[in-house]
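Here is a briefing for a reader meeting this structure for the first time. Please look over the sequence and the model before reading on.

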Amino acid sequence: MIIKILWTGCPKCKLLQKTVEDAVKKIWLNCEIIKVDQISDIMQYDVMSMPWLVIDEKVIFSGRIPEPEEMTNILTTKKLSQDFADWSCCHGSCKN
């Protein structure tokens, strides 16, 4: 899982970074956290209000900071769905 924090370094952006890092540590998530601070790179996501959170190239939050529990729940759900997608008893050949 790749988590991107699109930021300008403002206090809200730093709080989002801390919230994400705390949630990652809490659930022992193996992921990469990238801070994107180049305006040209940020503009590719077509977002207007900061801060921004992108997980696996999908914008999850824009313009607000999630509560710590909400962030933990989102990352846990993403992790479980990714783990489930990677696991298959028959490598996708069964039709249930």
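The points below go from the whole chain to its helix, its sheet and a few single residues.

This is a predicted model, in which local features need pLDDT of at least 70, side-chain atom pairs count only at pLDDT 80 or more, and totals for chains, interfaces and linings use all residues. Residues are numbered from 1 along each chain as its sequence is written, and side-chain values use heavy atoms, with hydrogens and water left out. The protein chain has three helices and four strands. Helices (H or I, at least four residues) and strands (E, at least two) are DSSP runs, numbered from the N terminus.

**Overall layout**

- Along the sequence, the elements of the protein chain follow the pattern β-α-β-α-β-β-α.
- Of the 96 residues in the protein chain, 33% are buried. Buried means under 20% relative accessible area, exposed means over 50%, and partly exposed lies in between (1.4 Å probe, protein chains only).
- The protein chain exposes about 6,500 Å², and carbon and sulfur atoms supply 55% of that area. Accessible areas come from the Shrake-Rupley method with a 1.4 Å probe; for residues, only the protein chains shown count as cover.
- Among contacts in the protein chain with a separation of 6 or more, 64% are between residues 24 or more positions apart. Contact means heavy atoms within 4.5 Å.

**Helix α1**

- Helix α1 covers residues 11–26, which is 16 residues. At 1.5 Å a residue it should span 22 Å, and its end C-alpha atoms are 22 Å apart, which agrees. The expected span is 1.5 Å times one less than the number of residues.
- The buried residues of α1 are Cys13, Leu16, Gln17, Thr19, Val20, Ala23 and Val24. They cover an arc of only 165° around the axis, which puts them on the same side of α1. The arc is that of the directions from the helix axis to the C-beta atoms.
- Pro11, Lys25 and Lys26 are exposed on the other side of α1.
- Helix α1 lies across β1, β2 and β3 (52–55), and runs at about 165° to β1. Axes are lines fitted to C-alpha atoms, for helices over the stretch in contact, and angles run from 0 to 180 degrees between N-to-C directions.

**The sheet**

- Four strands form an open sheet with mixed pairing, in the order β2-β1-β3-β4. Two strands pair if DSSP finds at least two bridges between them.
- The edge strands, β2 (32–36) and β4 (58–62), each pair on one side only.
- From one strand to the next, the twist averages 20°.
- Strand β1 (residues 2–6) pairs with β2 in the parallel sense, over five bridges. Ile3 has Ile33 in β2 as its bridge partner.
- Four of the five residues of β1 are buried, so β1 is largely enclosed by the rest of the structure.
- Strands β3 and β4 run antiparallel and are joined by four bridges. Trp52 stands opposite Ser62 in β4.
- A hairpin is formed by β3 and β4, with two residues between them.

**Two buried residues: Trp7 and Gln17**

- Trp7 lies in the loop between β1 and α1. Its relative accessibility is 9%, so Trp7 counts as buried.
- Not counting residues up to four places away in sequence, Trp7 touches Cys13, Lys14, Gln17, Lys35, Val36, Asp37, Ile42 and Trp52.
- Trp7 and Lys35 are 28 residues apart in sequence but 6.9 Å apart in space, C-alpha to C-alpha.
- Gln17 lies in helix α1. At 16% relative accessibility, Gln17 counts as buried.
- Leaving aside neighbours within four places in sequence, Gln17 is in contact with Ile5, Trp7 and Lys35.

**Backbone exceptions**

- Most residues other than glycine have a negative phi, and most peptide bonds are trans.
- Trp28 is exposed, with a relative accessible area of 75%.
- Asp56, in the turn of the hairpin, has a positive phi of about 50°.
- Glu57, in the loop between β3 and β4, has a positive phi near 70°.
- The peptide bond from Met50 to Pro51 is cis, with omega near 0°. Pro51 is found in the loop between α2 (39–43) and β3.
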